[in-house]
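Me: I would like to go through one protein model by question and answer. Please start with its charged contacts.

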Amino acid sequence: MKAVVIMLILIILFLLCFFLRPSKGKAGEKTVSRKLSRLPKDKYKVLNDIMLATPKGTTQIDHIVVSIYGVFVVETKNTYSCLFK
C-alpha cells in the first residue's frame, strides 16, 4: 500500500513538472522582454516571439534586437543552476 502511494505521488509530481514547464519558459521570456524594453528606443528595435516559416514547418525566436551595433538574436532559458561551486 505504501509503495502505491509513493508511486502515485511520483506520477503526480512528474505530470505537474511536465505540464508547468511551458509556463515557466514563458515567464522567463516575459522577464527578458521587459528588460529589453528598457533599451533606448532611438537606438534599439526589439522584436519578441517571432515565428518564421521553414522548409520543415516553423521555428520560433524569443527576441531579436536590432541596433546600430548589430543584430542580436536572444534565446531565453528559464532555469536555475549553480554556475560556480
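Reply: Lysine 77 forms a salt bridge with glutamate 75, and the closest N and O atoms are 3.4 Å apart. A salt bridge here is a side-chain nitrogen of Lys or Arg within 4 Å of a carboxyl oxygen of Asp or Glu. The model is predicted: local features need pLDDT of at least 70, side-chain atom pairs count only at pLDDT 80 or more, and totals for chains, interfaces and linings use all residues. Residues are numbered from 1 along each chain as its sequence is written, and side-chain values use heavy atoms, with hydrogens and water left out.

Me: How many salt bridges does the structure hold?
Reply: Side chains of opposite charge can pair when their charged atoms come close. In this structure the number of salt bridges is one.

Me: Is lysine 77 buried or exposed?
Reply: Buried means under 20% relative accessible area, exposed over 50%, and partly exposed in between (1.4 Å probe, protein chains only). The relative accessible area of lysine 77 is 63%, so lysine 77 is exposed. Its partner, glutamate 75, has 48% and is therefore partly exposed. For lysine 77 the class is exposed.

Me: What pattern does the protein follow along the sequence?
Reply: Helices (H or I, at least four residues) and strands (E, at least two) are DSSP runs, numbered from the N terminus. Read along the sequence, the pattern is α-β-β-β.

Me: How many bridges join S1 to S2?
Reply: Two strands pair if DSSP finds at least two bridges between them. S1 and S2 run antiparallel, and a hairpin joins them through two residues. Threonine 54 has glycine 57 in S2 as its bridge partner. The number of bridges joining S1 to S2 is ten.

Me: Which residue in S3 stands opposite valine 66?
Reply: S2 (residues 57-67) pairs with S3 (residues 70-74) in the antiparallel sense over five bridges. The two strands form a hairpin with two residues between them. Histidine 63 stands opposite valine 74 in S3, while the residue opposite valine 66 is valine 71.

Me: How many aromatic pairs are there, and why is the pair of tyrosine 44 and tyrosine 69 tilted?
Reply: Rings of Phe, Tyr and Trp (its six-membered ring) pair if their centres lie within 6.5 Å; planes under 30 degrees apart count as stacked, over 60 as edge-to-face and the rest as tilted. The count comes to one aromatic pair. The ring centres of tyrosine 44 and tyrosine 69 are 6.2 Å apart and the planes are at 40 degrees, so the pair is tilted. The pair links distant parts of the chain, tyrosine 44 in strand S1 (residues 44-54) and tyrosine 69 in the loop between S2 and S3, 25 residues apart.

Me: Where is isoleucine 68 found, and what is its relative accessible area?
Reply: Isoleucine 68 is found in the loop between S2 and S3. Its C-alpha atom is separated by 9.8 Å from that of lysine 45, 23 residues apart along the chain. Isoleucine 68 is exposed, as its relative accessible area is 68%.

Me: What share of the 85 residues in the protein is buried?
Reply: Isoleucine 9, placed in helix H1 (residues 2-36), is partly exposed at 46% relative accessibility. Tyrosine 44 is also partly exposed, at 23%, and tyrosine 69 is exposed at 52%. Of the 85 residues in the protein, the buried share is 12%.
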